[in-house]
Amino acid sequence: MAGIDFTQVLIEIVVLIASLSVHEVAHAFAADRLGDPTARHLGRLSLNPAVHMDPLGTLLFPLIAIMTGVPLIGWAKPVPVDTRHLRHPKRDFAIIAAAGPASNLTMAVIGAIVFALLPKAAPGDIAARAVLSPLAALVLEFIQLNRSEEHMSELQSRFGISYAV
């Protein structure tokens, strides 16, 4: 397996897992603060990556993407949200959904500041990729937010639970 920098692969996986954990905790924290304890009761209000990991989306797909050089994509288990506990369901669910992308943007800004302070940092190195990972997740989140309204209402009516991804 010549040409693969295993140190960089490991760092990228760690950054991705940490980013996904912060992203999902942001959804869980927002839901909890807005009145829905579902995520807290399920142990999802935690930075422990094990509670958020989806083996396929958190490990396998990102590992394949990193090893082959294709664009990095990954996901974690969605945070369950029971809209019946929310005081203003539509508004509160929008806030909960926006909490994940807001955390991605925050991580990207912090990463950019750290990157700017690093001596001799060059585009394409490990630090640059650590900044781009949350930005890529932000773009994917906006795509996810634009899912069809019919699909969301079908999930709600069938199960009474919505998911903030």
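**Close-up views: a buried aspartate, salt bridges and nonpolar groups**

View 1. D82 is buried, with a relative accessible area of 6%; here buried means under 20% relative accessible area, exposed over 50%, and partly exposed in between, using a 1.4 Å probe and protein chains only. The model is predicted: local features need pLDDT of at least 70 and side-chain atom pairs count only at pLDDT 80 or more, while totals for chains, interfaces and linings use all residues. Residues are numbered from 1 along each chain as its sequence is written, and side-chain values use heavy atoms, with hydrogens and water left out. D82 sits in the loop between β1 and α4; helices (H or I, at least four residues) and strands (E, at least two) are DSSP runs numbered from the N terminus. The side chains of D82 and R84 form a salt bridge, with 2.7 Å from N to O. A salt bridge is a side-chain nitrogen of Lys or Arg within 4 Å of a carboxyl oxygen of Asp or Glu. R84 is exposed, at 65% relative accessibility.

**View 2. The salt bridge of R91 and D92.** The structure holds three salt bridges. In the one between R91 and D92, the closest N and O atoms are 2.6 Å apart. D92 is buried at 0% relative accessibility, whereas R91 is partly exposed, with a relative accessible area of 45%.

**View 3. The salt bridge of D32 and R40.** Here the closest N and O atoms of D32 and R40 are 2.8 Å apart. R40 is partly exposed, at 43% relative accessibility.

View 4. L56, L60, F61, I64, I73 and W75 make a nonpolar surface patch of about 510 Å². Patches are made of residues with over 30% relative accessible area and no salt bridge; like charges are joined within 9 Å and nonpolar side chains (Val, Leu, Ile, Met, Phe, Trp, Tyr) within 5 Å. Accessible areas come from the Shrake-Rupley method with a 1.4 Å probe, and for residues only the protein chains shown count as cover. W75 lies in the loop between α3 (55-68) and β1 (79-81) and is partly exposed, with a relative accessible area of 31%.

**View 5. The largest nonpolar core.** This core has nine residues: A26, A30, A31, L34, V81, L86, F93, I96 and A99. At least two of its residues come from each of α1 (6-33) and α4 (89-117). A nonpolar core is a set of buried Ala, Val, Leu, Ile, Met, Phe, Trp, Tyr and Cys residues joined through side-chain atoms within 4.5 Å. In soluble globular proteins, nonpolar side chains tend to be buried together.
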